[in-house]
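Subject: Two-chain model, with notes

Hi,

Here is the model I promised to pass on.

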Amino acid sequence: MSLLEVKNLEVSFALRHGDLVALNDVSFTLDKGERLGIVGESGAGKSVTGFAVINLISKPGRISKGEVLFDGQRLDRFSEKEMREIRGNHISMIFQDPMMTLNPVLTIGTQMVETLRAHRKISVKEAEKIAIKKLDLVHIPSPERRLTQYPHEFSGGMRQRIIIAIALLAEPAIIIADEPTTALDVTIQAEIMELLIELCNSQDMGLMLITHDLGVVAEVTERVLVMYAGKIIETAATSDLVTSPMHPYTKGLMNALPGHGTCDKENRLQQIPGSMPNLTEIAPGCSFHPRCAFCQDICTKTVPELRKVAGSKDRLVSCHFPIGGQN
Amino acid sequence: MQTRRQKIKDSYLLYSFKRDKVAMVSFAILAVLLLAALFAPLLAPYNPYDPTAIDIMDSELPPSWMEEGEPRFFLGTDIQGRDLVSTMLYGLRISVLIGIGAVILQAVIGIGVGLTAGYLGGKIDAVLMRIADVQLSFSTLMVAIIVSAIVQLSFGVGRYEQLAVPLLIVIIGIAEWPQYARTVRASVLGEKNKEYVEAARVIGLDSRRIMLSHILPNTLSPVLVISTVQVANAVMSEAALSFLGLGMPVSRPSIGSLIDAGFEYIFSGAWWITFFPAVLLIVFILVVNLLGDWLRDVLNPKLYKG
């Protein structure tokens with residue numbers, strides 16, 4: 001049994017003119033120490049997936065179908081009080097903007113001690129000891145001194161490290177990182193990613209990395225889910241997906257990555273024409289068909305199923321005409 | 001590592017305080033007044049509460065520098081023959097006590113209601129804020145008149161004298177809490193959608209803890225500013241009530257009841273009984289408000305003058 005198992009998850013938001021389905025039939029698993037990437041454009045449902053796992057979809061949204069199993073327990077059925085025990089304790093989450101996610105008027109020490117004491121009955125002294133240990137783990141120099149400092153005294157990269165340290169406090173089994181490096185510059189991005197990989201290995205933690213950056217995903221993760229308009233359209237081992245994307249959308253994302261080639265016409269960045277549809281006006285058939293270069297008649301009528309690719313172990317793609325696949 | 005003293009020394013608060021003459025003068029006057037009020041029993045030459053120390057023959061003596069004035073009574077005496085300086089010191093003590101007590105009560109009720117309404121939102125918010133609106137639609141004076149009339153009737157005037165201080169604190173506190181509730185709620189609405197609040201929820205903190213230890217500290221600067229203004233307002237309200245004869249009894253006068261007591265004799269020439277307490281009240285209110293203005297400017301980063 002996997003550590004985290006998401007089955008046929010559907011999240012919908014109750015709007016004035018009916019339900020809007022933000023996540024449609026999403027299933028995946030995450031094991032101990034496994035690093036899973038979730039990729040997609042803005043609004044594809046990546047973050048909603050993350051929040052759904054910790055059952056923190058804000059109103060008017062709700063989990064309308066499916067199951068979230070953590071260690072065999074149905075998290076989607078947990079009460080708010082039971083969920084608080086899970087959040088931060090067994091599953092932690094890191095956000096995009098480290099400038100915003102720390103409380104500006106409390107010292108780092110206060111915030112860390114409080115987090116620990118919310119989950120365990122320990123003294124402030126003991127909590128501080130643990131906090132120092134975790135700050136050390138994320139390579140923050142002289143952690144004792146840092147505890148008395150305020151968030152504005154740190155740089156962006158340092159703050160993200162502190163946030164990771166806070167996420168690590170209770171030794172969670174899973175960390176959900178929602179675009180953890182988008183607000184940071186590239187060198188620091190690399191450092192943070194290395195840190196995350198290192199922590200996954202040393203602490204045997206599962207990582208759910210939510211990002212729009214395929215480059216980061218290729219570096220960090222072992223498996224990838226590609227999402228489009230609330231659905232998983234392709235999932236594969238990262239190396240397979242990067243070397244031979246099968247869904248035209250994945251292929252398009254790959255082509256939109258800057259490479260190392262010369263700057264001639266062939267190596268120009270290619271963008272995917274159009275933009276992702278608003279969730280209220282998804283076209284019938286395959287939701288990607290209006291932007292797809294390989295679109296045929298059937299694509300505009302029938303929704304392609306997420307099927308296993310013949311001859312592969314666990315590669316799924318949802319396309320009528322996958323690239324390089326014999327249909 | 002910086003010591004606490006060093007941090008205070010380097011703070012912008014102190015820096016701007018030292019550059020603002022109005023704030024410094026106001027603070028100095030306020031400090032003198034508050035100390036005088038606090039140590040009134042030590043400073044006052046006479047005890048105005050002690051009937052044996054009062055001689056009715058001394059009544060309505062003018063200030064010492066005027067004709068008929070006696071050096072014993074620097075600012076003269078009131079209608080009962082009490083030394084005006086002593087009575088004013090004791091009166092200020094009562095006024096300040098009521099003012100601060102009422103503001104603490106307002107703050108506790110108002111911050112609690114404002115935090116709950118703002119953070120939880122929805123129906124709870126609607127109900128609590130409508131209650132606040134209803135409360136605001138009664139004027140402080142009206143509530144005070146009704147309540148003190150009822151208390152005077154049911155306990156008798158004798159008991160009322162003992163109950164007057166806590167009663168006035170409760171009346172003024174209850175009448176003005178919506179000010180706090182509205183201010184705090186508005187700040188909470190601004191804060192609660194910030195990412196650090198979401199991060200706190202993701203960590204698994206409960207609502208109470210998020211409200212008290214994460215959101216509240218971020219809403220404190222407007223609370224500090226209205227607190228100064230509200231102290232001035234509460235002292236004013238108390239003076240107004242006492243002036244109308246609904247506040248402190250004449251035997252334990254506050255500034256307001258002193259002004260009231262002297263007012264009847266203003267045309268018979270004994271102007272000092274009203275004049276000096278009135279000046280004291282005006283000075284007190286003015287310095288508190290000036291300090292409040294300064295604090296508002298300092299705590300508002302948009303007005304940061306560097």
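Helices (H or I, at least four residues) and strands (E, at least two) are DSSP runs, numbered from the N terminus. This is a predicted model, so local features need pLDDT of at least 70 and side-chain atom pairs count only at pLDDT 80 or more, while totals for chains, interfaces and linings use all residues. Residues are numbered from 1 along each chain as its sequence is written, and chains are lettered from A and ligands numbered from 1 in the order in which they are written.

Chain B

By that definition, chain B has 12 helices and 0 strands. Reading from the N terminus, its elements run α-α-α-α-α-α-α-α-α-α-α-α. Along the principal axes, the C-alpha atoms of chain B fill a box of roughly 75 × 50 × 30 Å. Of the 306 residues in chain B, 41% are buried (20 or more other C-beta atoms within 10 Å of the residue's own; 12 or fewer is exposed, and in between is partly exposed, with C-beta atoms placed from the backbone).

For contacts, two residues count if their C-beta atoms, placed from the backbone, lie within 7 Å. Taking the contacts in chain B between residues at least 6 apart in sequence, 68% join residues at least 24 apart.

One helix pair there may interest you. Helix 10 (residues 220-243) and helix 11 (residues 255-263) of chain B pack at an angle of about 35°, with their axes 7 Å apart. Axes here are lines fitted to C-alpha atoms, for helices over the stretch in contact, and angles run from 0 to 180 degrees between N-to-C directions. On the helix 10 side the contact includes B:Leu241 and B:Phe243, and on the helix 11 side B:Ile255 and B:Ile259 are among the residues they meet. By class, the residues of this contact divide into 6 nonpolar, 3 polar and 2 charged. Ala, Val, Leu, Ile, Met, Phe, Trp, Tyr, Cys and Pro count as nonpolar, Asp, Glu, Lys and Arg as charged, and the others, Gly among them, as polar.

Where the chains meet

How many residues does each chain give to the contact? Chain B gives 16 and chain A gives 22. On the chain B side, helix 8 (195-203) and helix 9 (207-218) are the elements that give two or more residues. The largest share of that side, 6 residues, comes from helix 8 of chain B. The side of chain B that touches chain A has 7 nonpolar, 4 polar and 5 charged residues.

Chain A

Confidence comes up here too: pLDDT is the predictor's confidence in each residue, from 0 to 100. Chain A averages a pLDDT of 86, and 96% of the residues score at least 70. Among its elements, strand 3 (residues 35-39) has the highest mean pLDDT (93) and strand 11 (residues 307-308) the lowest (85).

Next, the strands, which pair if DSSP finds at least two bridges between them. An open sheet of 4 strands in chain A has the order 2-1-4-5, with antiparallel pairing. Its edge strands, each pairing on one side only, are strand 2 (18-30) and strand 5 (73-74) of chain A. Strand 1 (residues 4-15) and strand 4 (residues 61-70) of chain A run antiparallel and are joined by 8 bridges. In that strand 4, A:Gly61 stands opposite A:Phe13.

Strand 9 (residues 223-228) of chain A is worth a look as well. Is it mostly covered or mostly open? Strand 9 of chain A is mostly covered, with 6 of its 6 residues buried. A:Arg223, A:Leu225 and A:Met227 point one way from strand 9, and A:Val224, A:Val226 and A:Tyr228 the other way. Strand 9 of chain A runs parallel to strand 3 of chain A, with 4 bridges joining them, and A:Val224 is the bridge partner of A:Gly37.

Strand 9 of chain A also pairs with strand 10 (residues 231-237) of chain A, in the antiparallel sense over 6 bridges. The two strands form a hairpin with 2 residues between them, and A:Ala229 in the turn has a positive phi of about 50°. A:Thr235 in strand 10 of chain A stands opposite A:Leu225, and A:Thr235 also stands opposite A:Leu316 in strand 12 of chain A. Strand 10 and strand 12 (residues 316-317) of chain A pair in the antiparallel sense over 2 bridges. In strand 10 of chain A, 6 of its 7 residues are buried.

Finally, A:Ile122 lies in the loop between helix 3 (108-119) and helix 4 (124-137) of chain A. A:Ile122 is partly exposed because 14 other C-beta atoms lie within 10 Å.

Best wishes
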